[in-house]
Structure formats: C-alpha cells, structure tokens
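Please open the structure in your viewer and keep the selection panel at hand.

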Amino acid sequence: MKAEHYVGGVFRSDGPAFPLISPADGAEIGAVPEAPRQVVDDAVAAAREALRGPWGASGAEERAAALRRVADGIQARFEEFAAAEVADTGRPRAFAETVDVPRAIGNFRAYADLLYGRPERAYTTQVPGWSAGGGQALNYTVRRPLGVVAVVSPWNLPLLLMTWKVAPALAAGNAVVVKPSEETPSTATLLAQVIDQAGLPAGAFNLVHGHGPGAAGEFLTGHPGVDAIAFTGESATGSAIMRNAAAHVTPVSFELGGKNPALVFADADLDAAVDGTVRSSFTHSGQICLCTERVYVERPVFDEFVERLGARARELKDYGPMISAAHRDKVLSYYRLAREEGATVVAGGGAPSFGDGRDGGFHVEPTVLTGLPETARTVREEIFGPVCHVAPFGTEDEALRLANDSPYGLASTVWTRDLSRAHRVAPKVETGIVWVNCWNLRDLRTPFGGVKASGIGREGGEYSLDFFSEPVNVCIQI
Ligand SMILES: NC(=O)c1ccc[n+]([C@@H]2O[C@H](COP(=O)([O-])OP(=O)(O)OC[C@H]3O[C@@H](n4cnc5c(N)ncnc54)[C@H](O)[C@@H]3O)[C@@H](O)[C@H]2O)c1
Ligand SMILES: N/C(=C\C=C\C=O)C(=O)O
C-alpha cells in the first residue's frame with residue numbers, strides 16, 4: 001500500500017519515506033511520505049481556498065449529498081478498506097468488516113441525515129429590547145462553519161476515528177486537513193481517493209502523512225491558518241497540542257486517554273458481566289480507548305468472577321497484536337511492573353509463543369491481575385493493552401469511590417439487575433459515558449467524550465455540529 005498526501009485535489013508524495021511495518025509479523029509492507037512543513041502549509045492554504053470557492057458557498061443539502069457520495073464510495077470499496085485496515089493494524093478481519101468500515105460509512109451517513117431538513121436558522125420571537133436604548137427587535141441565530149479544521153487521529157481505530165471527525169466537520173461546511181497516525185496511513189489514503197472520486201471541490205478535504213512531534217502533526221496543530229483542532233490520542237499529546245495551539249487561541253475538541261472502570265454488583269447477571277468484561281477488556285487486544293482496565297466486583301461474587309474471567313482470558317486464541325514493537329514493549333513493561341508491585345497474575349502476563357509467523361509480530365497475552373493497591377501505577381496509568389486489574393468492594397459508595405479515584409474519566413460499565421441501583425449509580429460515575437449491562441453500544445447522536453484527563457468537549461450528533469460551527473446572533477431593530 002502506497003500512502004500519499006492529498007492536497008488541493010492533487011495526490012503527492014513529498015518528503016522522505018519511512019517504512020510501514022506489519023504488526024502481525026513484523027514485515028515491511030509499505031512506505032509513507034513524511035510531509036515537510038511546506039506540504040502542511042500547502043494543505044492549509046488549499047483548505048482556505050476551498051472555503052472561498054464552491055465548497056464555502058455550498059448549502060446543507062449539497063453537503064449532505066456529498067457526504068452520501070463518500071459513504072457510497074467507501075461501501076463500493078468495502079473489501080479494500082477492510083484489507084488495508086487489517087494490513088496496517090494486524091487486527092482480526094472480522095473486526096474491520098463488522099466495526100471499522102461499517103462505522104466509517106455510518107459516520108458519513110449519520111451526518112448527512114442530520115443535515116437533512118436541519119434549520120439553517122433558529123429564530124427567537126419578537127421581544128422588547130433589553131438594551132438601554134430599548135425598542136423592539138427580531139433576533140435570529142445562524143451557524144457559520146469554523147473554517148479550516150485540523151483533524152489529528154490515532155492508530156487504534158484509524159478509519160473510524162478519522163471519519164468520526166471528518167464527516168461532521170465537512171457537514172458543518174468546514175474544510176479539513178487530516179493528519180492520521182504514522183502507524184496507520186493506508187485507509188486515510190483510500191478515503192482521499194474516495195473523496196476525490198466523489199467530486200468534493202479541491203481543498204475541501206486534505207491529507208498529510210507523517211509523525212507528530214517536530215513533524216507534520218506539530219506543524220499542523222501550531223499553524224496560524226488553522227481555525228480549530230479535533231484531536232484523538234493520548235492525554236499527554238493533548239497537552240502538547242494545547243500548548244502548541246495556545247498562541248493562536250485555537251479551539252480544540254479532545255478525545256483522550258482513559259483508565260476505564262467496571263462495577264460488577266453481586267445481583268448482576270454474572271454470565272453477562274463476565275461476557276461483557278471479556279469484550280470490554282480484550283476486544284482489539286485492549287487497544288480501544290473505551291476498554292476496561294479496572295474491574296471492581298462486589299465481595300460475595302468476587303472469587304467466582306475472577307476465576308471465570310481468568311479462564312476466559314486463557315481461552316482467547318485469535319487475538320491481534322499491539323500496533324508496534326514499541327507499544328508491545330510498553331505493555332510488557334507494565335506486566336513486569338504489576339509483578340513488582342505485588343500483583344497476582346490470574347491469566348497471561350507475558351508474550352505468547354505461537355510457533356508460526358505471528359511470533360515475528362507484536363502479540364501480548366490477554367492478562368488478568370488482582371491483589372494490587374489502588375495506588376499502584378498498574379491501576380492508575382493507562383496501559384492500552386489486553387489487561388485488567390480486578391479488586392473487590394463492599395458497598396455502593398465504596399464502589400463509586402474506587403471507580404472515580406482516577407485522573408481519567410472516559411467510559412465505564414455497570415453490571416446490576418437492580419433497576420433503581422442502575423439509575424442511582426450511573427449518573428454518579430465520573431466518566432463521559434456509562435454503559436449499564438452492556439459495552440460500546442453506540443448511538444451516534446449521543447454525546448461522546450471524556451471528563452478530566454480524558455478529553456475536552458463532546459462529539460456525536462448535534463454535539464459535533466455545534467463544535468464545528470459558530471452560532472451567530474443577528475439582531476434587527478424593528
Ligand atoms: N477518547 C477517545 O475517543 C480515544 C480514542 C482512541 C484513542 N484514544 C487514545 O489514544 C491513544 C492511542 O493512540 P495514539 O498512540 O495514536 O496516540 P498519540 O497521542 O501517540 O498519537 C495520536 C496522533 O497524534 C499525533 N501526534 C503525536 N504527538 C503530536 C504532537 N506533539 N503534535 C501533534 N500531533 C501529535 C500522532 O502522530 C497521531 O496522529 C491512547 O491513549 C488512547 O486512549 C482515545
Ligand atoms: N469515538 C468512538 C470510539 C472511540 C474509541 C476509542 O478507541 C465512537 O464509537 O464514536
């Protein structure tokens with residue numbers, strides 16, 4: 001797969017190439033151009049030019065039709081997108097076919113639908129003027145696109161998360177410059193091809209490849225011509241981007257890291273809670289920001305839960321690799337740290353030996369830990385791998401205190417059959433999303449995002465359109 005930049009409607013490969021490595025077996029599978037600053041400057045300029053041309057003059061209906069053409073284009077090349085995502089990430093094919101590509105199509109369709117019939121203006125009724133001058137006025141509010149939006153996306157759900165920002169940004173009438181992760185450039189390049197084929201005006205969508213610090217990511221997020229930044233990635237990177245963008249007071253929408261808790265009450269359907277926690281801890285080998293890394297179980301069912309979760313972790317066979325050797329080494333360092341901090345390893349705790357080509361890849365074992373204090377680094381720091389720590393609790397209040405004692409606050413799960421408890425506990429969990437007796441069940445119109453170090457702002461439905469546009473009040477003296 002040859003990754004290319006896409007700037008002002010032109011595919012180009014400026015910049016030194018760096019190798020693209022397969023996480024599945026460590027083989028070199030492609031080359032990626034490292035965009036020099038000039039390419040980023042050209043992309044921002046092309047986006048600005050698009051806003052001065054037909055894209056900036058487009059209406060909601062026209063943009064909705066354009067988004068639908070993009071969705072149709074991805075659908076038409078479904079297998080290519082799935083294969084490219086599998087190649088870049090090593091994930092099981094089924095995940096790409098049931099999550100990544102369908103959600104990318106869904107992201108574009110969701111925002112096209114949201115635009116349909118959406119009032120271009122919101123009106124207030126005639127009110128007596130409250131200003132000192134008094135008088136009658138008609139007020140109405142219009143929404144204006146922010147302008148040039150920088151989208152910087154991560155490697156864990158490359159296509160899903162990039163399109164989760166691109167679709168609403170374009171829907172709101174912005175022009176975008178995307179910088180995908182250096183680890184996963186392929187589906188971004190395919191998306192540029194689809195958008196090119198869909199006939200969006202040159203410069204509406206631009207793509208630059210490269211690294212972050214001191215490279216394309218930093219050039220883009222510190223660019224004076226960028227009007228807003230939509231970023232998904234590590235909390236530390238969010239801080240760096242915020243510092244970089246501060247000089248221009250650039251508004252940001254941040255989807256950052258997490259250390260997501262699960263609360264399993266004794267009255268829960270334990271089969272469902274075990275199944276749900278296997279999914280929430282080990283899907284995509286724990287490389288989803290919503291994954292559970294802390295599990296708190298009410299004491300009467302703690303031993304049974306730990307035993308059953310450990311057994312299920314040991315049974316997992318066709319799990320995918322970490323995205324890179326560096327990330328594999330990071331996760332294994334936390335497995336060593338857990339032992340040093342006194343953990344009991346119920347399952348996993350190392351790297352598997354398959355006896356085949358996968359041994360050249362970056363796999364780690366699905367791991368279940370217990371016995372650590374809440375102060376342990378293993379319990380406080382995001383690992384972003386197939387690992388969770390399980391601890392007991394006595395009362396509901398203790399469960400909430402444990403769940404909320406974290407610098408993060410992205411997502412959580414609560415397992416209980418008690419309806420009153422579900423409605424009492426869920427709003428008190430300090431995360432942006434609380435799933436009750438389920439995990440990662442998504443309605444794209446709901447507010448998605450984290451609190452504390454897990455993010456700034458919400459995306460999803462109107463929340464995204466609100467971030468990607470400015471409300472303007474027009475007040476007409478009557
Ligand atoms: N909250 C969410 O919705 C969500 C979703 C997915 C991943 N994540 C988080 O993302 C992390 C994993 O993804 P990752 O390793 O790609 O994150 P990362 O922060 O290392 O990189 C994300 C993107 O930012 C770029 N980047 C890195 N440093 C930069 C800088 N200084 N300036 C500008 N750009 C820079 C990278 O090139 C990449 O494109 C985990 O912490 C995970 O929790 C959060
Ligand atoms: N933003 C979303 C998922 C994020 C997953 C994090 O890895 C989504 O489902 O819309």
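A polar contact is a pair of N or O atoms within 3.5 Å. The model on display is a predicted one, and this cut-off applies to the contacts visited below.

**First stop: ligand 1**

Select ligand 1, which sits in the largest pocket. Next, select the residues around it: 31 residues surround ligand 1, and the closest are Trp155, Lys179, Thr237, Leu256 and Glu382. Colour this shell by class to find 14 nonpolar, 11 polar and 6 charged residues.

Now examine individual contacts. Which part of Leu256 lies 2.7 Å from a nitrogen atom of ligand 1? It is a backbone N or O atom of Leu256. On its own, ligand 1 would expose 840 Å², of which the protein buries 93%.

Switch to the cartoon view and select helix H7 (216-221), strand E11 (228-232) and helix H8 (235-246); these are the elements that give two or more residues to the shell around ligand 1. Finally, colour domain 1 (5-256 + 454-477) and domain 2 (261-436) separately. Ligand 1 lies between these two domains because both give residues to its shell.

**Second stop: ligand 2**

Move to ligand 2 and select the residues around it: Arg103, Asn156, Leu157, Leu161, Trp164, Ile288, Cys289, Arg442 and Phe448. By class, this shell divides into 6 nonpolar, 1 polar and 2 charged residues.

Select Asn156 next: an N or O atom of its side chain is 2.7 Å from an oxygen atom of ligand 2. Ligand 2 has 310 Å² of accessible area on its own, and the protein covers 97% of that area.

Conventions
Residues numbered from 1 in each chain as written. Chains lettered and ligands numbered in written order. Predicted model: local features only at pLDDT ≥ 70, side-chain atom pairs only at ≥ 80, totals over all residues. Heavy atoms only, no water. Near = heavy atom within 4 Å. Polar contact = N/O pair within 3.5 Å; in protein donor to acceptor, adjacent residues only side chain to side chain. Areas by Shrake-Rupley, 256 points an atom, 1.4 Å probe, with all protein chains shown as cover. 1 Å grid on protein atoms, 1.4 Å probe; cavity = no way out; pocket = protein on both sides within 12 Å on 5 of 7 lines; lining within 4 Å. Sits in = over half its atoms within 2 Å of the grid points. Helix = DSSP H or I, 4+ residues; strand = E, 2+ residues; numbered from the N terminus. Nonpolar A, V, L, I, M, F, W, Y, C, P; charged D, E, K, R; others polar. Domains from an automatic or database assignment.
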